[in-house]
Amino acid sequence: MPVVELSYSRLQKLIGKVSKKQISESLPFLGLDIESEDKDLVRVEYSPNRPDYSTDFGISLGLQGLLGIKTGSVKLKIKKSNNYKINVKPTVSKIRPYVTGLVAKNGKIDDTIIKQFMTMQEDLHFGIGRKRKKSSIGIHDLDKIQFPLTYSTTNKNHKFIPLNESKELAISEILQKTEVGQEYGYVLGNSTIFPIIQDSKGETVSFPPIINAAITTVTPKTKNIFVEVTGVNKADAEDMLSIVAIILQAAGFTLESVSISGAKNSTPKFESRKLSVAPSLINQSLGLDLNNSKIISSLKKSRLDASVKGKNIECIIPSYRFDIFGPMDLVEEAALGYGIEKLTPTLSPSETLGAIHPVSSKLKSLSLTMVGLGYLEALNSSLTSKRILYEMTNREPKKTISVLDSKSQEHTILRDSILPGLLENLSRNIHSAYPQQMFETGTVFLNDKPIKEQTNFAAVSAHKDANFTEIKSILQSALKTGFNLTLETKTSSHEAFEKGKTASVVVNGKTVGIIGQINSKTIENYKIRVPVVGFEIYLSGLIFD
């Protein structure tokens with residue numbers, strides 16, 4: 001969890017008339033865990049889904065609501081300006097297609113604020129930005145930049161003086177010799193062109209998502225700021241910008257718009273959205289009997305605007321609260337505003353005693369057996385990509401199940417097999433010692449009517465002497481030890497397995513899976529350096545219904 005260091009005295013100035021004790025007691029009820037306290041300083045953990053809490057400015061807005069000092073939505077006030085424009089060239093569409101930005105003026109900056117801005121920037125990079133792959137921020141001294149700007153591409157020989165350097169470096173040198181280039185250069189893949197932002201004088205402003213130019217460095221003398229966000233998805237870039245906008249506004253800056261045009265880019269609108277929730281859902285979920293007025297008051301304490309619309313309560317969700325997806329999120333906001341400390345826990349009226357589900361018990365037994373055989377248990381997501389599930393294993397995509405509105409650009413389909421995920425695990429550990437032996441039990445999804453879920457069991461073994469006999473003995477031991485089942489193997493074929501070294505797994509006369517040696521093409525796709533054997537069987541209908 002990300003951690004931010006706060007000063008009680010600074011928070012008191014930002015919040016208003018409030019004591020240190022009130023702040024200390026309120027922080028946990030804002031969803032912040034106090035990690036340590038030292039006189040005036042307090043370190044708190046905040047949830048990555050609330051990046052507006054990455055600075056004391058954002059936390060002060062939340063505390064003002066919780067303490068009833070200021071309630072309702074914090075509205076972004078962005079003055080429309082024609083002085084700041086970014087022109088986007090079509091060449092960026094193949095590498096990092098979207099850019100957005102804003103200007104913040106007449107603010108006061110000191111070393112503490114700079115430190116907080118940098119922490120916020122890196123936390124956003126790590127969270128929303130997925131280590132800068134999805135989106136990244138550049139914060140610049142506005143007065144060192146001549147508008148309009150151009151967002152385009154350049155080659156590896158392009159030179160400028162990067163942040164924290166004293167001499168010009170070519171882009172190729174930045175990627176190879178600087179710490180930040182070595183850490184984040186992978187984001188650009190093997191591209192021969194690189195995104196660049198330049199001002200009207202041809203001066204380099206930023207080389208996103210890697211590094212800013214030294215000339216635009218923000219210092220305590222900076223009064224006006226330019227913020228740019230680039231990314232592979234327009235919505236993600238604008239979400240990130242909205243967080244920076246609300247923090248800068250809370251820090252006392254006056255915000256002005258930046259016009260974006262060209263190559264499917266457009267000026268950000270920072271639009272709020274409406275979401276309704278039934279009062280009965282809030283009361284049933286929290287075990288309360290609040291009237292509409294009290295619910296609205298609670299939501300406003302969570303810095304949301306709310307009003308009665310028919311039988312429901314309609315909330316206005318500001319653009320920076322993209323963590324709110326549906327009605328249950330509003331239930332949580334109502335609980336926070338009402339006061340978590342006021343909720344009284346009650347025992348369930350049911351007299352039924354809890355117990356381990358029989359399926360869980362059998363899966364645990366299987367896991368213990370595999371661990372005893374020297375295998376490491378993996379836990380991969382059910383959401384994967386076509387590349388991992390089909391392309392890398394030479395399988396034809398058949399009846400894939402895609403997820404609508406996935407937050408991931410790549411992981412958009414539900415897996416129908418566990419084995420590709422284990423091979424992906426091996427590919428990410430090629431520098432570790434061998435043998436590498438892993439297994440997983442988990443849910444796979446079959447595109448039937450309706451969609452069918454079943455539990456599968458798969459394992460892989462990778463080392464220079466891996467062979468069919470070895471992996472068959474592992475599967476035999478797992479099934480015999482835990483469930484007294486005996487298996488047979490019959491010659492078979494599979495796209496991911498070696499011809500002549502593959503067999504169907506048969507238990508009680510029923511084919512339940514596949515076993516064998518992974519073929520050389522699949523191993524090459526995953527860039528694994530040693531032979532691999534593996535199996536995958538289904539457990540549903542075999543060891544449980």
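The questions and answers below go through a predicted model of one protein chain.

Visitor: How many helices and strands does the secondary structure of the protein chain come to?
Guide: The chain has 545 residues, and buried residues make up 50% of them. Its C-alpha atoms fill a box of roughly 75 × 70 × 50 Å along the principal axes. The secondary structure comes to 15 helices and 30 strands.

Visitor: Of the contacts with a separation of 6 or more, what percentage is accounted for by residues 24 or more positions apart?
Guide: The contacts considered are those in the protein chain with a separation of 6 or more. Within that set, the share from residues 24 or more positions apart is 70%.

Visitor: At what angle do the axes of helix α8 and helix α10 cross?
Guide: Helix α8 covers residues 279–286 and helix α10 covers residues 327–338. Their axes come within 10 Å, and α8 passes α10 in a right-handed crossing. The crossing angle is roughly 60°.

Visitor: How many nonpolar, polar and charged residues does the contact of α8 with α10 have?
Guide: From α8, the residues are Leu281, Ile282, Ser285 and Leu286. They meet Pro327, Met328, Val331, Ala334 and Ala335 in α10. By class, this contact has 8 nonpolar, 1 polar and no charged residues.

Visitor: How far apart in sequence are the parts that Phe194 and Phe207 tie together?
Guide: There are 4 aromatic pairs. Phe194 and Phe207 form one that is edge-to-face, 6.2 Å centre to centre with 85° between the planes. Phe194 lies in strand β11 (residues 194–198) and Phe207 in strand β12 (residues 204–207), so the parts tied together are apart in sequence by 13 residues.

Visitor: Are Phe194 and Phe207 buried or exposed?
Guide: Buried means under 20% relative accessible area. By that cut-off, Phe194 and Phe207 are both buried.

Visitor: Which strands does the pair of Phe457 and Phe535 tie together?
Guide: Phe457 and Phe535 form an edge-to-face pair, 5.1 Å centre to centre and with 75° between the planes. Both residues are buried. Phe457 lies in residues 452–462 and Phe535 in residues 532–538, so the pair ties together parts 78 residues apart in sequence, in strands β26 and β30.

Visitor: Which ring does the charged end of Arg50 sit over?
Guide: A charge sits over a ring if CZ of Arg is within 6 Å of the ring centre and within 35 degrees of the ring normal. The charged end of Arg50 is 4.2 Å from the centre of the ring in question, that of Tyr53.

Visitor: Where is the proline that a cis peptide bond joins to Tyr434?
Guide: The cis bond joins Tyr434 and Pro435, with omega at about 5°. Helix α13 covers 419–427 and strand β25 covers 436–446. Pro435 is found in the loop between α13 and β25.

Visitor: Where is Pro209, which a cis peptide bond joins to Pro208?
Guide: Omega of the bond between Pro208 and Pro209 is about 0°. Pro209 lies in the loop between β12 and β13 (211–212).

Visitor: Is Asn484 buried or exposed?
Guide: Asn484 has a positive phi of about 55° although it is not a glycine, and is found in the loop between α14 (468–483) and β27 (487–491). Exposed means over 50% relative accessible area. Because its relative accessibility is 57%, Asn484 counts as exposed.

Methods
Residues numbered from 1 in each chain as written. Predicted model: local features only at pLDDT ≥ 70, side-chain atom pairs only at ≥ 80, totals over all residues. Heavy atoms only, no water. Axes fitted to C-alpha atoms, helices over the stretch in contact; angles between N-to-C directions. Helix = DSSP H or I, 4+ residues; strand = E, 2+ residues; numbered from the N terminus. Left-handed = near helix turned anticlockwise from the far one by under 90°. Contact = heavy atoms within 4.5 Å. Nonpolar A, V, L, I, M, F, W, Y, C, P; charged D, E, K, R; others polar. Phe/Tyr/Trp six-rings, centres within 6.5 Å; stacked < 30°, edge-to-face > 60°. Buried < 20%, exposed > 50% of the residue type's maximum accessible area, 1.4 Å probe, protein only.
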